[in-house]
Amino acid sequence: MEESLYNFYNLFVNGSLLEDLYQEELLSPLTWTAVGLAFVVAFAFYIWPFNKVSFSGFGSWLLMTGVSALFLFVITLVTCYQKANQEIARDEADTNQGTLFDQGVSVFLSYAFEMALLTAIIFFVISMVLKNFSKNAKHRPMLWPSK
């Protein structure tokens, strides 16, 4: 699974950060966190506890999408910073290679933003499935396909 995730993330993630994430086996946990978080937030919006008439508008749906994306943004950023603070050597035999996760703040921010976008897309896909089970938000994010 790590290999296929590596190939997928290789399309849009910084190469050196991707190598560090792959070496520390963080690709699967972060991806499953994105899927799980999007599912939990979508479940809360469509099924329980936020499935109310007053909270069924498109603005509320966008708010929930933003909440799931923001949570994963923070989780990803904190994970990268914690790994950077551990100062894990790239190769214990060769100290000149430096440490893992030494790319800097801009790389971490861009990766966290990319993961937030991925979570928003996953939230949209899960919304298309769960909206058929909702009493009040059947038409969010759009009317189709539950006309």
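Contact here means heavy atoms within 4.5 Å of each other, and in that sense Val41 touches Met64, Ser68 and Phe123, not counting residues up to four places away in sequence. This is a predicted model in which local features need pLDDT of at least 70 and side-chain atom pairs count only at pLDDT 80 or more, while totals for chains, interfaces and linings use all residues. Residues are numbered from 1 along each chain as its sequence is written, and side-chain values use heavy atoms, with hydrogens and water left out. The protein has five helices and zero strands, where helices (H or I, at least four residues) and strands (E, at least two) are DSSP runs numbered from the N terminus.

**Overall make-up**

- Read from the N terminus on, the elements of the protein follow the order α-α-α-α-α.
- Of the 147 residues of the protein, 40% count as buried, a word that stands for under 20% relative accessible area, with exposed meaning over 50% and partly exposed the range in between (1.4 Å probe, protein chains only).
- The protein exposes about 8300 Å², and carbon and sulfur atoms supply 65% of that area; accessible areas come from the Shrake-Rupley method with a 1.4 Å probe, and for residues only the protein chains shown count as cover.
- Among the contacts in the protein with a separation of 6 or more, 62% are accounted for by residues 24 or more positions apart.

**Helix α3 and what covers it**

- Helix α3 has 20 residues and reaches 28 Å from its first C-alpha to its last, which is close to the 28 Å expected at 1.5 Å a residue; the expected span is 1.5 Å times one less than the number of residues in the helix.
- The buried residues of α3 include Leu27, Leu30, Thr31, Ala34, Leu37, Ala38, Ala42 and Phe45, and what covers the buried residues of this helix includes α1 (2-9), α2, α4 and α5.
- Ser28, which is found in helix α3, is buried with a relative accessible area of 14%.
- Leaving aside its neighbours within four places in sequence, Ser28 is in contact with Met1, Glu2 and Leu5; Ser28 and Met1 are 27 residues apart in sequence, and their C-alpha atoms are 7.4 Å apart in space.
- Val41 also lies in helix α3 and counts as buried at 8% relative accessibility.
- Val41 and Met64 are 23 residues apart in sequence, yet 6.7 Å apart in space, C-alpha to C-alpha.

**Helices α4 and α5**

- Two packed helices are described by the angle between their axes and the distance between the axes.
- The axes of helix α4 (residues 58-86) and helix α5 (residues 105-130) come within 8 Å and cross at roughly 145 degrees; axes are lines fitted to C-alpha atoms, for helices over the stretch in contact, and angles run from 0 to 180 degrees between N-to-C directions.
- By class, the contact of α4 with α5 has 20 nonpolar, five polar and no charged residues, where Ala, Val, Leu, Ile, Met, Phe, Trp, Tyr, Cys and Pro count as nonpolar, Asp, Glu, Lys and Arg as charged, and the others, Gly among them, as polar.
- Ser68 has its place in helix α4 and counts as buried at 0% relative accessibility.
- Apart from neighbours within four places in sequence, Ser68 is in contact with Leu37, Val41, Thr119 and Phe123; Ser68 and Phe123 are 55 residues apart in sequence and 7.7 Å apart in space, C-alpha to C-alpha.
- Thr119, placed in helix α5, is buried with a relative accessible area of 0%.
- With its neighbours within four places in sequence set aside, Thr119 is in contact with Ala34, Ala38, Ser68, Ala69 and Leu72.

- Glu19 lies in helix α2 and is partly exposed, with a relative accessible area of 38%.
- The C-alpha atoms of Glu19 and Tyr6, which are 13 residues apart along the chain, are separated by 8.6 Å.
- Glu25 is found in the loop between α2 (15-23) and α3 (27-46), and Glu25 is exposed, with a relative accessible area of 55%.
- Phi of Glu25 is near 55 degrees, a positive value in a residue other than glycine.
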